[in-house]
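Subject: Structure handover

Hello,

Here is the structure for you to look over. My notes on helix packing and aromatic rings follow below.

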Amino acid sequence: MKKTLITMTLMWLILVFGAADSFAQSKGKKAERMQAVEGEEVWIVVNTIKADKRAQFEKFMFEIFRPLSPKVSGVERKAFIATRELLPTKANEDGTFTYIFLMDPVIKGNEYQFLPLLKRFYGEAKAQEYQQMVDETFAKPQIGYLQKQSKLY
C-alpha cells in the first residue's frame with residue numbers, strides 16, 4: 001500500500017511537471033520558475049473578491065493584465081516570472097473568493113502597481129477604466145504580507 005502511494009505520488013508529480021513543461025514548450029517558451037533564497041523577500045497579497053465579480057476579476061487578470069508579460073523586459077519581466085497566482089478552490093463562508101498572489105522573490109526595482117503598466121500599454125483613459133474594473137471587484141481591501149525566505153533544508 002505504501003509503495004503504491006509513493007508510486008502514484010511520483011507519477012502525479014511527473015505528470016504535472018511534465019505537462020507544465022510540455023505546455024510551455026508547445027507555446028514556444030521555456031518553462032521558467034523562480035523561488036526566493038534564504039534572506040530574500042517574498043510578498044504575499046490576499047485579494048477577497050465579491051462573488052458576483054469573480055468573472056470580472058479573472059477577465060482583468062488573465063485577459064488584460066497577464067498578457068502584458070511577454071511585452072516587458074528587464075525587472076518587469078523577472079517580476080512576472082516570479083509572481084504566481086493562486087486561485088480559489090471554493091467560495092469562502094461569506095460567498096466571497098480569495099485570490100492569493102505570491103511575489104517569490106520580490107524583484108528589487110520593480111513597480112508592483114497595475115496602473116503604470118496599464119497606462120504604458122493601454123493609454124491613460126483605458127488604464128483608468130481597467131483600474132476601476134478591478135477595484136470594484138474587491139469585497140474588502142487587499143492584505144499584504146512582506147516576509148523573508150527562511151533557510152531551506
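First, the rule for ring pairs: rings of Phe, Tyr and Trp (its six-membered ring) pair if their centres lie within 6.5 Å. One aromatic cluster is formed by Phe57, Tyr99, Phe101 and Phe138. Please keep in mind that this is a predicted model.

By the ring-pair rule, there are nine aromatic pairs. Two of them are described here.

Take tryptophan 43 and tyrosine 112. Their ring centres are 5.6 Å apart and their planes stand at 85°, over the 60 degrees needed, so the pair is edge-to-face. Tryptophan 43 sits in strand S1 (residues 41–49), and tyrosine 112 in the loop between strand S3 (97–103) and H4. The pair therefore ties together parts 69 residues apart in sequence. Tryptophan 43 counts as partly exposed, because its relative accessibility is 25%.

Next, phenylalanine 60 and phenylalanine 114. Here the ring centres are 5.0 Å apart with planes at 70°, so this pair is edge-to-face. Phenylalanine 60 belongs to helix H2 and phenylalanine 114 to helix H4, so parts 54 residues apart in sequence are tied together. With 0% relative accessibility, phenylalanine 60 counts as buried.

The axes of H2 (residues 54–65) and H4 (residues 114–122) come within 13 Å and cross at roughly 45°. That angle makes H2 oblique to H4. The crossing is left-handed. On the H2 side, Phe60, Met61, Ile64 and Phe65 meet Phe114, Leu117, Leu118 and Tyr122 of H4. By class, this contact has eight nonpolar residues, no polar ones and no charged ones.

Best wishes

Terms used:
Residues numbered from 1 in each chain as written. Predicted model: local features only at pLDDT ≥ 70, side-chain atom pairs only at ≥ 80, totals over all residues. Heavy atoms only, no water. Axes fitted to C-alpha atoms, helices over the stretch in contact; angles between N-to-C directions. Helix = DSSP H or I, 4+ residues; strand = E, 2+ residues; numbered from the N terminus. Parallel < 35°, antiparallel > 145°, perpendicular 65-115°, else oblique. Left-handed = near helix turned anticlockwise from the far one by under 90°. Contact = heavy atoms within 4.5 Å. Nonpolar A, V, L, I, M, F, W, Y, C, P; charged D, E, K, R; others polar. Phe/Tyr/Trp six-rings, centres within 6.5 Å; stacked < 30°, edge-to-face > 60°. Buried < 20%, exposed > 50% of the residue type's maximum accessible area, 1.4 Å probe, protein only.
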